[in-house]
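Please keep the sequence and the model in view while reading.

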Amino acid sequence: MKKENARLIIPLWGRVYADKLTSMTLPALLAPGNLPSLCAMFEVEVVIVTETKLFDLIQNSRAFQRVATLCPTKLIPIDDLMSGLPGDYGVVLTKALYRGFLDLGAKVTDTFLLFLNADFIIADGSYRRLGELMLAGHRVIHAPSFRVILEEVWPKLETRADRKNAVLAILPREMVKLALSYKHLTVKARTVNQRFYHQWCMDQFYWYVDEDTLIGYQLPVALVAIKPERVVTEPTLVWDFAYIPDAAPTLEKFFIEDSDDFFMLEPQSRVTGEELVRPGWITFDDVVKYLNNWTTKEQRHCGEQLLVFHADDLPAGLHEVIDESRRYMSEITKRLSPQPQPHANHRMLGPWFTAAVERINERQAASPESADQFSQDIAPLPAAKPLPVRRGMIGKASAWVRAIHCKMFGSLPLLRPSHPLWLDTADVAAHLSAWRQAGRDRILWLSSKDSFFHSLLTERSDATRLLLKQPDHSSIEDTPYDACLCELSPTEISNLPALYAKIRPLVSDGAEILFYVYKRGPMPLRANPFEAYEELFPATDVSTIRFHGNTLTCLIRNLFIKCSQLFGHIPVARAAVAGITLVALAPLAWLANRQANRRDATIFTPTWTSTVVHFVVRKKTEAAANMAHAGRRTNAEREGAAMLYAQRL
C-alpha cells in the first residue's frame, strides 16, 4: 500500500535561528521516535524556508545531512519577504509558512503539512504519536508548546546531545521535568493559583498541581499537522488567526492533551516578555477585555481543551485542581462576548496586516528578481486578487508627510532634538554613523529585543546565545569585528562582564564596544543597578559610562510612546495620533532634551533613562609582546653579563 505524503515545514531567518536549528532542533527531530518513525509511516519531505545566505550553513551542518539520509529535503528562499521592520514579524512568518507549501498547488489537499518553529525542541516519540493520529484519520492536529528559560535549559540540552550522530533523544517525562524546573517568567505570570504577578495579556492559564505536574489552557494551541480541505494561496491574516478557518473550515480539530504523547519545548530568553508582567493578580474583567479584543472562534475552541504536563504518573489530587481550573475558565467563558473576532477583517489586526502586506508587496515589486527565485518553482494556482498599492493623491500626500516629518524630527535612529526619543538614541546613533564613515563595516550586533537601530545595522545576534556558546575563535581571528553594539535591558546588566569576556576576543585591537541599556516603562529607574562595581565592570581596556535622561525627558518620552500606541488596529488613525502628539510635544521635547544634554553625562543620575557603556579595546600586539620579550633576560643571561662586566673591570 502506497504511503501518504507528508511535508514538514520549518521557517526561519537570521543566523541565530539557523544555529539553533542545526544545533538542537534538527538533532531532536532525529531522535528515533520522531522523524525516523514518521518516515516509516509516510513519504516525508523536509522543507526549510529561509534566507539564501543561510543555505550553506544549514546544508553543511551534520544534523541537516543526517535528515537528508532519511527523506528528501528542500530549501526555499524568502529574501524578498524580509521587510526589515520588527513589527512585521508575524506577517513575514505567515508568508514564509505559505511559501513552504505553495509549490504543491492542488496537491496540498492530499498532503499532510507539519509545522515546526526553528527553535522548538521536540521530545523523543512525539512525531511517532503524531503519525499514528494522522494515520487514524485526524486531519487537523494541535499540540501545545511550553516556554522555558533559554539560559538555564540550553546548556543542559547540550550535555545530552550526541554531536557525533547529531541526535538529541530525550523522552517526554524527562523533558517535562526539565521544563517544570525552569518555567519561564511568562508561564509563572499566567499560573492562576500562584498570584504573585500576572501578565496583562492573558492568553494562557496554568495551575500548579505538584512539583511534577502542571495543567493549563492555551488560546491558541499550536497547529502541528493539517491535511487541508481547501487550496489557499494568500493569507487573510496572520497564521494563528486565519489559516485553519481558511484551509479547513469544516474539519474536526484534534488536540494532543497529554505530554506523554507529545511535548515541545519553547526556549526563550529570560527577559522575553518581562515588559508584559505586572505585580499582583488580574481581574476577570481585564482578562475578558483582552480576549474579546483578540480571540477568534477557533482560538476560543482551543481554550476549552485541558492540557496536562507531567514528569511522573498523574497524582491522586489532580481532579480537584482540574475542577478548580474548570470553574475559573467557565467564569471567563460566561463573560466573553457572544461574537468572537472574525478572522477576516479582524478589528485589531486587519488594517495592520493589510498595511504590512502592502509593504512586502511593494518590496517585491521593487526587486522582482528576488521573488523570481521562488516563483519559477510554483505550481499553477488560481490567481489571487492583488492588494492595492497606494498611488495618486493619497500616495503623494503620504510622501509629503514623510518628508516633512523627516525634516522636523529626522528618522529613527537619526533623530533631531525635537523628537522625544532623541536623547535616548543620539549617543549610539552618533557612534554608528562614525563607524560607517570610518569604514568599520563589520559590526557585531547583539540584541534580544526590538531595536531603535535596526535600520543602520544588519545580522542581529542574540546576546544570550553568545553567552551559551562555547568559545571557538578559530574562524573569527582572520576577520575580527571592527566594533560591537550590545543592547541590554536593565535586568540583563549583570550579564555585562560575561558578555564582555565573550565579545572581546571577537573584535580587533582598537575596536569600540558599546553596551546600550534602555529603560522602558512609565518611570525612570531610580535604583542603581551598577553598584556592584568590581563584579560588573571589566578592568581591561579604556572605558567610560554615560547616563542620559531625567524625569522630564522620561515623562515626555513615555507620553509620546503611549499616544503612538493608541488605535494599534487602525494604522491610519494610529499614525495621525502619533503625528499630532509629536508636533504638540516638539517644543517641550526640544527644550528638555537640550537642557538634559548640557549635563555632564558621565556623572551618575538616578533618573537615567538610557545608559551607554563605552569600551575602546587595547590589546597587546604580537610585535609589542616580542619587543617586551626581547627586553627580558634569563638568569643565565644576567649571570653571563655580570661576569663579562666583572672581567672588563
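W445 has R460, in strand 19, as its bridge partner. Strand 19 covers residues 460-461 and runs parallel to strand 18, to which two bridges join it; strands are DSSP runs (E, at least two residues) and helices are DSSP runs too (H or I, at least four residues), each numbered from the N terminus. Two strands count as paired if DSSP finds at least two bridges between them. Strand 18 also pairs with strand 20 (residues 481-488), in the parallel sense and over four bridges. There, C486 of strand 20 is the bridge partner of L446.

The model is predicted, so local features need pLDDT of at least 70 and side-chain atom pairs count only at pLDDT 80 or more, whereas totals for chains, interfaces and linings use all residues. Residues are numbered from 1 along each chain as its sequence is written, and side-chain values use heavy atoms, with hydrogens and water left out.

In a regular strand the side chains alternate between the two faces of the sheet. Strand 18 (residues 443-446) has I443 and W445 pointing one way and L444 and L446 the other way, and all are buried. Buried means under 20% relative accessible area, exposed means over 50%, and partly exposed lies in between (1.4 Å probe, protein chains only).

Which residues have the most contacts inside the largest nonpolar core? They are L114, Y127 and L130, in a core of 44 residues. Such a core is a set of buried Ala, Val, Leu, Ile, Met, Phe, Trp, Tyr and Cys residues joined through side-chain atoms within 4.5 Å. A second, separate core has 39 residues, including L81, A242, L349 and V357. Beyond its neighbours within four places in sequence, Y127 is in contact (heavy atoms within 4.5 Å) with several residues, among them L8, L29, L114 and F262.

Helix 1 (residues 15-29) contains S23. S23 counts as buried because its relative accessibility is 13%. A polar atom of the S23 side chain lies 2.7 Å from the backbone oxygen of D19. Leaving aside neighbours within four places in sequence, S23 is in contact with W154, R163 and R465.

Taken as a whole, the chain has 24 helices and 23 strands. Of its 649 residues, 51% are buried. Among contacts between residues at least 6 apart in sequence, 82% join residues at least 24 apart.

Notes: A polar contact is a pair of N or O atoms within 3.5 Å; within protein, one must be able to donate a hydrogen and the other to accept it, and residues adjacent in sequence count only if both atoms are side-chain atoms.
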